[in-house]
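Trainee: Could we go through this model together, one question at a time?
Mentor: Gladly; have the sequence and the structure open beside you.

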Amino acid sequence: MLQQSLPVQPNSASSEASVSSESARPFLTWQRILDWAQEHYRCRTFSKDEKIPARPGLLYLVQRGAVRMVGVAQVSATSRSARATNATAEEAFLGFVGAGQPFEIVAQSPFTLHSYAHVDQTSVVWMYWHDLDNWPHFRREVLDAFRYQHQRKLLWLSTLGQRRTIDRLLGFLTLLIEEYGEPAELGYCLPWTLTHAQIGSAIGSTRVTVTRLMGKLRQRGLIHTQDDNLICLPGDITLRR
């Protein structure tokens with residue numbers, strides 16, 4: 001993961017240990033990129049839930065905070081009687097991009113991707129792909145990060161293939177906390193909140209159903225919440241960090 005090789009303002013003891021074990025070269029490369037972004041006005045900070053004006057063809061790097069990726073599909077429904085077509089946009093939560101990770105926007109009709117700052121003070125750097133010619137080693141790290149994201153999406157798709165909604169829900173939460181979870185008193189917790197509506201859009205369910213199934217998972221001791229409704233997994237679940 002790019003997050004592991006590029007120090008970016010750690011917010012947990014585990015990330016601090018990861019940062020301290022890295023050589024100075026990645027840090028210097030990352031700092032040069034940030035300096036370059038500032039000089040070329042390629043860096044911007046966003047408020048919580050503010051839409052990031054990303055467009056296809058550019059590379060984006062999350063310097064700080066977290067970005068929420070959302071997919072929007074234009075779904076057409078044709079009336080047999082009137083033979084009229086009404087297009088409605090269906091939005092689905094597709095995951096996070098954490099600090100130190102890259103992302104890009106792909107547009108292919110009828111699907112589009114949108115990105116939002118999931119937490120306040122989320123900072124994003126953007127550049128053209130050819131700008132990476134100045135940092136060949138960093139280019140390799142970016143490509144490795146995209147390969148890792150692709151592997152995680154395959155796991156995501158496998159989870160969404162589960163027939164029972166409660167299995168999809170638990171698999172989805174497990175994948176998120178495996179990737180972004182931070183140590184907590186009783187296990188590992190997501191560092192950011194997610195609404196039940198956002199979770200429902202990710203697993204193909206409704207907010208009401210997610211609320212009911214979250215209650216079942218809590219009763220079984222498979223998940224719990226703490227602080228500001230942060231979702232947590234028990235400590236006996238091994239996280240593949």
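Below are our questions and answers on this structure.

Trainee: Before we start, what kind of model is this?
Mentor: Residues are numbered from 1 along each chain as its sequence is written, and side-chain values use heavy atoms, with hydrogens and water left out. Local features need pLDDT of at least 70, side-chain atom pairs count only at pLDDT 80 or more, and totals for chains, interfaces and linings use all residues, since this is a predicted model.

Trainee: Which residues form the disulfide?
Mentor: A disulfide here is a pair of cysteine sulfur atoms within 2.5 Å, and the structure holds one. The sulfur atoms in question are 1.8 Å apart, and they belong to Cys 189 and Cys 232.

Trainee: How many residues apart in sequence are the parts that Cys 189 and Cys 232 tie together?
Mentor: Strands (E, at least two residues) and helices (H or I, at least four) are DSSP runs, numbered from the N terminus. Cys 189 lies in strand 10 (residues 187-189) and Cys 232 in strand 12, so the parts tied together are separated in sequence by 43 residues.

Trainee: Is Cys 232 buried or exposed?
Mentor: Buried means under 20% relative accessible area, exposed over 50%, and partly exposed in between (1.4 Å probe, protein chains only). Cys 43, at 23%, counts as partly exposed. Cys 232 has a relative accessible area of 0%, so the word for Cys 232 is buried.

Trainee: What do the buried residues of helix 7 pack against?
Mentor: The buried residues of helix 7 are Thr 209, Val 210, Leu 213, Met 214, Gly 215 and Leu 217. Counting contact as heavy atoms within 4.5 Å, these residues pack against helix 5, helix 6 and strand 12.

Trainee: What kind of aromatic pair do Tyr 180 and Trp 192 form?
Mentor: Rings of Phe, Tyr and Trp (its six-membered ring) pair if their centres lie within 6.5 Å; planes under 30 degrees apart count as stacked, over 60 as edge-to-face and the rest as tilted. By this rule the count comes to eleven aromatic pairs. Tyr 180 and Trp 192 are 5.3 Å apart centre to centre with 55 degrees between the planes, and the pair is tilted.

Trainee: Which residue's side chain makes a polar contact with the side chain of His 118?
Mentor: His 118 sits in the loop between strand 7 (111-117) and strand 8 (122-128), and with a relative accessible area of 2% His 118 is buried. A polar contact is a pair of N or O atoms within 3.5 Å; within protein, one must be able to donate a hydrogen and the other to accept it, and residues adjacent in sequence count only if both atoms are side-chain atoms. At 2.8 Å, the partner of the His 118 side chain is the side chain of Arg 68.
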